[in-house]
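Q: Could you walk me through how to read charged and buried residues in a protein model?

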Amino acid sequence: MPILEVQDLSVSFVQYTKGLRQKKVQAITSLDITMHEGEILAVVGSSGSGKSLLAHAILGILPSNARVSGTINYSGDELTPVRQASLRGREIALVPQSVNYLDPLMSVGAQVRTSVHNDNPVEVQKKIFERYHLDPDLDKKYPFQLSGGMARRTLVSMAMVSGAKLIIADEPTPGLDSIVIKEALSNFRELADHGCAVMMITHDLGSALQIADKIAIFYAGTTVEVAPVKDFFGRGEKLRHPYTKALWRALPQNEFVPIPGSQPLPNTLPSGCLFEPRCETATRECSLKQPKIQEIRGGMVRCIHAT
Amino acid sequence: MNRLKGEFSKSLLTFLVMKGIRMVSLLFAICLVSFILVKSSPIDPIQAYVGADMMRVSPEQRENIAEYWGLDKPAIEQFFHWGSAVAGGDLGTSMIFRQPVADIIHERFFSSLALMSTAWVLSGIFGFAMGVVAAMKKDTWVDQFIKWYCYTLASTPTFWMGLLLLMIFAVWLGWFPVGMGVPVGVIAEDVTIGDRVLHLILPALTLSIIGVANIALHTRQKLIDVLASDYVLFAKARGERGFILFWRHGLRNIALPAVTLQFASFSELFGGAILAEQVFSYPGLGEATVEAGLRGDVPLLLGLVLFSALFVFAGNLIADLIYRVIDPRMKGAKSV
C-alpha cells in the first residue's frame, strides 16, 4: 500500500485585481504522485513549477486564498484538513529550504526540542546533536550564528526527532558546497533505509539522480513523468516524455543543450498539453486537450505520443 | 564566555559614550534654536516681567532692567551668558510663578508623571492585547471591529476626546470632578490620595483611549508580518497552531518592536499630555508649557523645552538599551 497517493490535485489562487474583480491563478494542474515506504522520490522541476506548493498542499499549510481539488491519501485514508492538522509534525514532517525557517529569536536547541513529541525532548535533542556532529554549544546559539551546513543538519535533525514516516524536503541542497550536499543526501538515504518515505523537492536533477529511487518531473504545475532512476542514461532513450529527455540532455555532463522557450506562467497556461508550445514532436492533437497520465514501462507519463 | 561578556560590556560602553555625545550635541542644538526663536519672537521680556504695571514704568527704569539683565548686549553674548548658567544647572526664575524654573519643573513633572505613566501603562497593555487579538483573528469580525475602533480613535483629536469624557462623566453623570488636580477649597494638607486619584482618572483615560489606537495598529501589523513569515509557516508544518504558535513564535518576535514603540512613544505621550492637561486644567508640565507660551515666560518655556527634549531622549535611549539587552542578535553581533 502506498504511504502517499496524490490524485488529480489542483491548486489555484484567487486574487483580487482591480477592485472586486477576481482572478484565478492555476498553480498546480491535475497532479499525480505515489510514494512508498523506504523510497526516495525526487520531485524535479524548474522554479515556478509548483513544487513547494505540492509540499504545502500535502501538509495543509497553503495560504487561505488557495483552492484545492483532487484527493490526497495517506496510509490508505483520505488526508482531510482535520487529519492534516493532527498528522503534521508527527507523521509528516517538512525539512524547509533555509535557516530563515527557524525562529530568529529562539535558541536552536529549544527549536529542535519543540519537534519532539513522544519522548524526553532534552535527551532526544542531545542524542540527535551528537549523531549529526552538532556542537553541544549550539543548543544555546541562535539561528543567525549557524553556518549553512549546521543549519541544514539542524533542519534535518528536526524532521528526524519528530518520528515522522513521511519526510518532505524542500530544496535541501542549493547554496551548499558539495561536501555538505553529499552529507545531506546521505542523511535522506539513511532516513529512507529506516523505512521513511522521503520526498525530495529540488531543481537539481544531477543531485536527485544520486540518491533517489524515482524521479518525478514537474512542468508548469503538473507531473509530466515519473521514471525510475535507472532510466536516466545515454541520450535518454528510455525516458518517456520529451521534456524529461530535454532536461536530461541539458545537463552539463551530457549534451548541455538548452530547451528553447520558457515555462508558461500560471495565468497563461495553454489549453492542451502544457508542454506543447515548446515540444518538437507536438502534433495538432496535442493542443486540443491535456493528456491523462498513463503507465508505460514501469513509469508514468503524460504524453499521448509516449511509447 | 567571559571573553564574550567582556566584549559585550565594552561595546555597551562605546554605545553609551556615543549616546552621551549625541545627547550633549542635541541639547546644544535645541538651546541654540530655541534661543534664536525666542529672540526673534515679538515677546518683550521686560513687558512680560512687569506685566500690567507697565504703564507705571518709566523708560529709564526699563533701560535699567534691560542693563541689569544684559539685554543691551549682543545676542551671541546673551546666549552664552544664558547657556553657561543652564550648563551650571541654573535655569533661571519663572516670571509668572516667581519661583526657580527647576523647582516648577520638578513639582509639575511629578503630577504629570502620575498622569502619563497611568496612560502609558494602560494604553500599552490594552493596545498590545487588542493588536494581538486583531492579528490572530485577521479578517474576522473581531479584527474588523478593532480596526474600525482604532482608525476612529487615531483620527480623534485628544482635546475633543477630553471634552467628550468631561461632558459625559463629569457634567452629566457627575462621577468625576470637572477639572484641576485636587478639590477646590481644600487645604493642601487635607487633600487625600483618593482625591488625587479621582482627579487623575478622566485625563488619564483620555490619554489612554487615544494612545491605544496607535499601539494596537502597530502591533497588529507587526504580528501579521510575523505570522506570514517562513518560520511561522515551518512552525505550522510542525503541527503548532493557535495559542502555542503565538506564545512560542508570535509573542517572542513582536515583543521587541512593541517595547521599542512603547518607549519611543514618550514624545506622543508628552504632546498628548499638553492637550489633555489643558482641557482638564490639570496642573502638570503640559499646562505649565501652555501658560509659559501664552504669557511669554521665557525662562520657564526654555526650561520646559530642554526638559521635554531630555524626557523624549531618555525614552529612546531606554528603547535602544532594551533592544541591546534582549535581542540575541544585537548581543552577539560583535562577538561572532
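**Charges, buried and bridged**

A: Glu277(B) is buried (under 20% relative accessible area; exposed is over 50%, partly exposed in between, with a 1.4 Å probe and protein chains only), yet has no salt bridge, as the nearest side chain of opposite charge, Arg108(B), is 6.0 Å away. Lys and Arg count as positive, Asp and Glu as negative, and His and the chain ends aren't counted. This is a predicted model: local features need pLDDT of at least 70, side-chain atom pairs count only at pLDDT 80 or more, and totals for chains, interfaces and linings use all residues. Residues are numbered from 1 along each chain as its sequence is written, chains are lettered from A and ligands numbered from 1 in the order written, and side-chain values use heavy atoms, without hydrogens and water.

Q: What is a salt bridge, and how many does the structure hold?

A: A salt bridge is a side-chain nitrogen of Lys or Arg within 4 Å of a carboxyl oxygen of Asp or Glu. Over all chains, the structure holds 18.

Q: Which side chain does Arg302(A) meet in a salt bridge?

A: That's Asp32(A), at 3.1 Å, N to O. Arg302(A) comes in the segment after β12 and Asp32(A) sits in strand β2, so the pair ties together parts 270 residues apart in sequence. Both Arg302(A) and Asp32(A) are buried.

Q: Are Arg220(B) and Asp143(B) buried or exposed?

A: Arg220(B) counts as buried because its relative accessible area is 9%, and Asp143(B) is buried at 0%. They form a salt bridge, with the closest N and O atoms 2.7 Å apart.

Conventions: Helix = DSSP H or I, 4+ residues; strand = E, 2+ residues; numbered from the N terminus.
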